Amino acid sequence: QLKICDGEYQIGEMKDSSELLKRKERPLLIYRNFVDVFVSRKGDKLYFIFVLVSTFHMSNRMMHENVVGQRMKSFNFIKQLGSGAWAVVYECYDERTNSTVAITAIPRILMKQTPKLEELVKTEINVLKECHNENVIRYVDSFSNEKTQFIAMEYCNGGGLEVYLERKKRLTEDEATTFLKQIINGFKGLHEVNAMHRDFKVANVLLHDGCCKIADLGFAKQF
């Protein structure tokens, strides 16, 4: 059975997750869809806490603080690269190092309203700071203003591994072996700082000069 919750408030329970699409409770807006799910345990029960698509729209609206063209610390925001459930990623130029970096921007109001999200962001920053592995995305800096929390990381010039695989259709045995070794080495680096990714998939692997970089540690857990 799944106990459907909104924070600490139990909404109901069901026998099959497919019932999510049939329910019409206003508090959860289940009929719209959800973009992510957290799982927590209380005693002998598992609680599934859904981040809804309505939250995704809200975070996008709040990101209309247009930072493209602005300068913060030593970073010049050049253009938007993409967006996720609650964050927007920008390509930026770092004047300190004369290099391109990627900066993730997360609305602070969303972090305040969602304590679990704030905890995840802090964990991501800590793991990135501690993990120094050539196959894990490299931490550069983190800072905030009144509206937004920013996390600066190395920019990967090869895009995502998922797009690379779709374009090539198939890899040679040597190339597949190389990528697999690099990904395993990245996990080794995470384990050395007692971290678990918890959201690993091909879409969360980036390429830089042909080297795999495990990225998107937004769901990471450190023990």
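Tyr90 stands opposite Ile103 of strand β8. The structure is a predicted model, in which local features need pLDDT of at least 70 and side-chain atom pairs count only at pLDDT 80 or more, while totals for chains, interfaces and linings use all residues. Residues are numbered from 1 along each chain as its sequence is written, and side-chain values use heavy atoms, with hydrogens and water left out. Helices (H or I, at least four residues) and strands (E, at least two) are DSSP runs numbered from the N terminus.

Strand β7 (residues 88-94) and strand β8 (residues 99-107) run antiparallel and are joined by seven bridges; two strands are taken to pair if DSSP finds at least two bridges between them. Both strands belong to an open sheet of six strands, ordered β5-β6-β7-β8-β10-β9, with antiparallel pairing. The edges of this sheet are β5 (71-72) and β9 (139-144), each of which pairs on one side only. Helix α3 (residues 115-130) packs on the sheet and touches β8, β9 and β10 (148-154). Contact means heavy atoms within 4.5 Å. The direction of α3 makes about 25° with that of β10, where axes are lines fitted to C-alpha atoms, for helices over the stretch in contact, and angles run from 0 to 180 degrees between N-to-C directions.

Ile103, in strand β8, counts as buried because its relative accessibility is 0%. The classes are buried (under 20% relative accessible area), exposed (over 50%) and partly exposed (in between), computed with a 1.4 Å probe on protein chains only. With neighbours within four places in sequence left aside, Ile103 is in contact with Phe75, Phe77, Val88, Val89, Tyr90, Cys92, Phe143, Phe150, Ile151 and Ala152. Phe77 lies 26 residues from Ile103 along the chain, and their C-alpha atoms are separated by 8.5 Å.

Phe150 is part of strand β10 and also counts as buried, since its relative accessibility is 0%. The C-alpha atoms of Phe150 and Ala105 are 4.6 Å apart, although the two residues are 45 apart in sequence. Beyond its neighbours within four places in sequence, Phe150 has contacts that include Val67, Met72, Phe77, Ile103 and Asp141.

Gln149 is another residue of strand β10; at 14% relative accessibility, Gln149 is classed as buried. Its side chain reaches the backbone oxygen of Phe143 at 3.2 Å. This is a polar contact, defined as a pair of N or O atoms within 3.5 Å; within protein, one must be able to donate a hydrogen and the other to accept it, and residues adjacent in sequence count only if both atoms are side-chain atoms. Residues up to four places away in sequence not being counted, Gln149 touches residues including Thr104, Arg108 and Met111, together with Val121 and Ile125.

Val121 and Ile125 are among the buried residues of α3, along with Leu117, Leu120, Thr123, Glu124, Val127 and Leu128. The 16 residues of α3 should span 22 Å at 1.5 Å a residue, and its end C-alpha atoms are 23 Å apart, which agrees; the expected span is 1.5 Å times one less than the number of residues. Glu118 is partly exposed, at 29% relative accessibility.

Nine salt bridges are found in the whole structure, each being a side-chain nitrogen of Lys or Arg within 4 Å of a carboxyl oxygen of Asp or Glu. In one of them, Glu154 pairs with Lys213, with the closest N and O atoms 3.4 Å apart. Glu154 lies in strand β10 and Lys213 in strand β13 (residues 211-214), so this pair ties together parts that are 59 residues apart in sequence. Both Glu154 and Lys213 are buried. Lys201 forms a salt bridge with Asp199 at 3.9 Å between the closest N and O atoms, and Lys201 is partly exposed, at 42% relative accessibility.

Strand β13 runs antiparallel to strand β12 (residues 205-208), and four bridges join the two. Leu206 stands opposite Lys213 in β13. The hairpin of β12 and β13 has two residues between the strands, and Asp209 takes a positive phi near 50° there. From β13, Cys211 and Lys213 point one way and Cys212 and Ile214 the other way, and all are buried.
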